[in-house]
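Here is a short briefing to read alongside the model.

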Amino acid sequence: MAVNSIYARDSQLIAGIQKLRFSPLALTGGHGAYVVDETGRDLLDLSAAWGAASLGYGHPAVVEAVCAAVRNPAGASILSATHLDAVDLAQQILATLPELTDHKVWFGHSGSDANETAFRAIAAATGRPRVIAFRGAYHGGTAGSMAISGHAVQSHAARAEGLTLIPYPNPYRGEDGEAVLANLAELFATTLPASEVGALFIEPIQSDGGFIVPPPGFLKRLVDRCRALGILIVSDEVKVGLARTGLMHCFRHEGFTPDLVCLGKGLGGGLAISALVGPATVMDHATAFAMQTLHGNPVSVAAASAVLSTIESEMLAVNAATVGAFLLSGIKDLKTRHSSVGDVRGRGLALGIELVSDRTAKSPSKKLAAKTVYRAFELGLVLYYVGVNSNVLELTPPLILTRDQTSDAISILDRALSDVEQGLVSDDAVKDFAGW
């Protein structure tokens with residue numbers, strides 16, 4: 001690596017505590033579904049920066065909206081003054097959720113602060129401080145969002161005193177959710193009084209926990225049981241919402257309606273903005289309760305409005321469903337040729353590929369995942385891995401991904417898997433990239 005390369009300078013100047021690195025990826029630009037690295041290479045991006053670049057890079061709708069907002073900004077916040085674009089965006093978001101009535105919108109910077117605000121506001125408004133979430137759940141990186149998460153990477157973080165973590169059933173591991181439901185019923189009857197539980201936090205696909213699609217009907221049954229006990233349902237749609245799974249909101253695949261919805265990542269198309277949608281009884285509980293100076297700033301709001309309008313005008317939910325089905329089919333074909341592929345799962349353009357060292361034993365292999373991601377980077381493809389065992393390749397590409405680009409991605413992934421299985425990627429190549 002050149003001494004003056006961007007990546008070398010990054011190593012010297014930028015704090016390691018905010019890094020999650022898988023290769024020496026250093027970028028100078030991007031266009032469409034591609035990023036451009038410091039050598040001038042175009043790399044097809046199957047991550048979209050963990051789903052944040054929902055429209056890819058440099059989409060004209062976002063460029064135009066952001067430039068207009070920068071030229072004539074209506075202030076810089078909605079903290080002590082409102083502006084038309086923020087009000088319009090709130091209306092735009094609510095229009096995507098017609099099943100929710102008497103609801104309002106809170107704006108933040110990230111999915112982390114949206115989830116934290118939901119947790120804090122529900123506890124304050126209901127007087128029920130306890131919360132149920134899933135093992136493996138990643139609801140964010142702030143103190144409050146980590147407090148209600150269950151991902152192993154956050155073992156350093158303090159958990160909320162009233163947090164109860166339940167297993168997220170994984171069909172690949174033979175789990176149908178019945179044991180989870182039975183265990184929860186026992187908890188309600190003994191150590192977890194339902195009258196003290198304010199919220200159940202759900203990821204309709206558990207993303208960072210391993211891109212797990214729940215067993216059919218499980219989440220609806222869980223929601224019905226909790227709602228009957230007065231527990232509010234929060235759907236964390238930060239990574240898998242907003243058209244990514246082929247429907248505008250992922251919870252609709254599971255046949256339940258949440259009380260609150262958390263949005264982030266792709267909402268801003270690469271700019272920092274999040275939204276929490278919830279009932280007025282929670283959202284109006286108090287003033288000056290969850291605020292930061294730049295919440296609702298005109299530039300991020302303009303980007304989010306452009307993203308939502310483009311999803312509709314370019315029918316990107318339909319594109320995610322059709323191109324995602326093509327991608328899923330291609331990856332399933334790879335499974336027939338690569339013994340390291342244990343399972344392929346997901347919906348639309350939200351897919352996971354679980355890598356194992358032994359298919360029969362379903363033995364998770366972080367080493368295979370790390371080497372495959374690294375080799376894909378060398379071959380011109382960007383993707384990352386997730387999971388409590390760090391062995392699931394995550395595919396969350398821009399919603400504008402085409403069939404031709406998908407074919408290219410499958411070809412590169414095919415070669416990357418082959419090279420790793422043949423031992424062509426050394427341990428030394430990935431030693432500097434800790435990943436999860």
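Is W50 buried or exposed? W50 is buried, as its relative accessible area is 17%, which falls under the 20% cut-off for that class. Please keep in mind that this is a predicted model.

**Aromatic pairs**
- In total, the structure holds 12 aromatic pairs.
- One of them joins F22 and W50: the ring centres are 6.1 Å apart and the planes meet at 55°, so this pair is tilted.
- F22 sits in the loop between α1 (6-13) and β1 (27-31), while W50 belongs to helix α2 (residues 48-51), so the pair ties together parts that are 28 residues apart in sequence.
- F22 is buried, with a relative accessible area of 5%.
- F22 also pairs with Y384, and here the rings are stacked, at 4.9 Å centre to centre with 25° between the planes.
- Like F22, Y384 is buried.
- F22, W50 and Y384 belong to one aromatic cluster that also takes in Y138, Y385 and W436.

**Charges over rings**
- R120 has its charged end over the ring of F289, 4.3 Å from the ring centre.
- R403 does likewise with F326, its charged end sitting over the ring at 3.9 Å from the centre.

**A look at K220**
- K220 is part of helix α8 (residues 218-227).
- With a relative accessibility of 35%, K220 counts as partly exposed, because that class lies between the 20% and 50% cut-offs.
- Beyond its neighbours within four places in sequence, K220 is in contact with E254, G255 and F256.
- From K220 to L294 there are 74 residues in sequence and 37 Å in space, taken C-alpha to C-alpha.

**Cavities**
- The model holds 3 cavities of 30 Å³ or more.
- The largest cavity has a volume of about 60 Å³.
- Its lining is made up of G51, S54, E237, V238, K239, G241, L242, R244, G264, K265 and G266.
- By class, the lining residues of the largest cavity are 2 nonpolar, 5 polar and 4 charged.

How values were computed:
Residues numbered from 1 in each chain as written. Predicted model: local features only at pLDDT ≥ 70, side-chain atom pairs only at ≥ 80, totals over all residues. Heavy atoms only, no water. Phe/Tyr/Trp six-rings, centres within 6.5 Å; stacked < 30°, edge-to-face > 60°. Helix = DSSP H or I, 4+ residues; strand = E, 2+ residues; numbered from the N terminus. Buried < 20%, exposed > 50% of the residue type's maximum accessible area, 1.4 Å probe, protein only. Lys NZ or Arg CZ within 6 Å of the ring centre and 35° of its normal. Contact = heavy atoms within 4.5 Å. 1 Å grid on protein atoms, 1.4 Å probe; cavity = no way out; pocket = protein on both sides within 12 Å on 5 of 7 lines; lining within 4 Å. Points joined across faces, edges and corners; volume = space filled by probe spheres on them. Nonpolar A, V, L, I, M, F, W, Y, C, P; charged D, E, K, R; others polar.
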